[in-house]
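Please study the structure shown below together with its sequence.

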Amino acid sequence: MNNDGLQRIKAAGLKLTPQRRAVYEVMMQLRHATVEDIIEGVQSRNKEVTVSTIYRILDSFCSANILSFIYHPDTGKCYFDITVAEHHHLFDGQSIEDYADPELSQLIREYLERKHLPTDEIGKIQVQVTLKKNV
Ligand SMILES: [Zn+2]
């Protein structure tokens, strides 16, 4: 496991149990994954980790900002995301690609700031781009 992930789990005050390590390692590999993908990945390493344990770990990882959560507009499925920093997504069929574009985020942030939304500060901005290819 890379140190960054290890640090994030420790910083959240969570003990690095073998189960948590397995979930995090599977996420490092898959980057974006449905709960089913994660269960399959974790149980292929260790059959003894139960589904409810995996759900509990995913919950605690999301609360601790170790994982984020995205929705695929085409498949209607939800995915856990190893990247928690602000980033955008390109959806190409079933696949999900991270799309880092700080300029786009800044553009939207400045635009929205002029709109005087009922908030003190604009939080995370996430753009979802669905790619359509003509066949
Ligand atoms: Zn992502």
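**Helices, sheet and loops**

In this predicted model, Val35, Ile38, Ile39 and Val42 of helix α3 meet Val51, Ile54 and Leu58 of helix α4. Sorted by class, this contact of α3 with α4 holds 7 nonpolar residues, with no polar and no charged ones. Two packed helices are described by the angle between their axes and the distance between the axes. For α3, which covers residues 35-45, and α4, which covers residues 51-63, the axes come within 10 Å and cross at roughly 120 degrees. Angles from 65 to 115 degrees count as roughly perpendicular, and α3 and α4 are therefore oblique to each other. The crossing in which α3 passes α4 is right-handed.

Helix α4 also has a contact with α2. The axes of α2 and α4 come within 10 Å and cross at roughly 70 degrees, and α2 is therefore roughly perpendicular to α4. On the α2 side, Gln19, Arg20 and Val23 take part, and they meet Thr53, Ile54, Ile57 and Leu58 of α4. By class, the contact of α2 with α4 has 4 nonpolar, 2 polar and 1 charged residues.

Along the sequence, their pattern reads α-α-β-α-α-β-β-β-β-α-β. A box of roughly 50 × 45 × 25 Å, taken along the principal axes, is filled by the C-alpha atoms of the chain. The chain has 135 residues, of which 16% are buried. Among the contacts with a separation of 6 or more, 40% join residues 24 or more positions apart.

The next element to consider is a sheet. Strands of a sheet pair through backbone hydrogen bonds, either parallel or antiparallel. Here, 3 strands form an open sheet in the order β1-β3-β2, and the pairing is antiparallel. Because β1 and β2 stand at the edges, each with a single partner strand, one side of each is left without a neighbour in the sheet. Strand β1 is joined to β3 by 2 bridges, and His32 stands opposite Asp81 of β3. Strand β2 pairs with β3, residues 78-81, over 4 bridges in the antiparallel sense. Within β3, Tyr79 is the bridge partner of Ile70. The hairpin of β2 and β3 has 6 residues between the strands, and its Gly76 takes a positive phi near 75 degrees.

Which residues other than glycine have a positive phi? One of them is Arg31, with phi near 70 degrees. Arg31 is found in the loop between α2, residues 18-30, and β1, residues 32-33. Arg31 counts as partly exposed because it has 14 C-beta neighbours inside 10 Å. Another is Asn65, whose phi is near 60 degrees. Asn65 is placed in the loop between α4 and β2, the latter covering residues 68-71. With 11 C-beta neighbours inside 10 Å, Asn65 counts as exposed, since the limit for that class is 12 or fewer.

Note on methods:
Residues numbered from 1 in each chain as written. Predicted model: local features only at pLDDT ≥ 70, side-chain atom pairs only at ≥ 80, totals over all residues. Axes fitted to C-alpha atoms, helices over the stretch in contact; angles between N-to-C directions. Parallel < 35°, antiparallel > 145°, perpendicular 65-115°, else oblique. Left-handed = near helix turned anticlockwise from the far one by under 90°. Contact = placed C-beta atoms within 7 Å. Nonpolar A, V, L, I, M, F, W, Y, C, P; charged D, E, K, R; others polar. Buried ≥ 20, exposed ≤ 12 C-beta atoms within 10 Å, placed from the backbone. Pairing = 2+ DSSP bridges.
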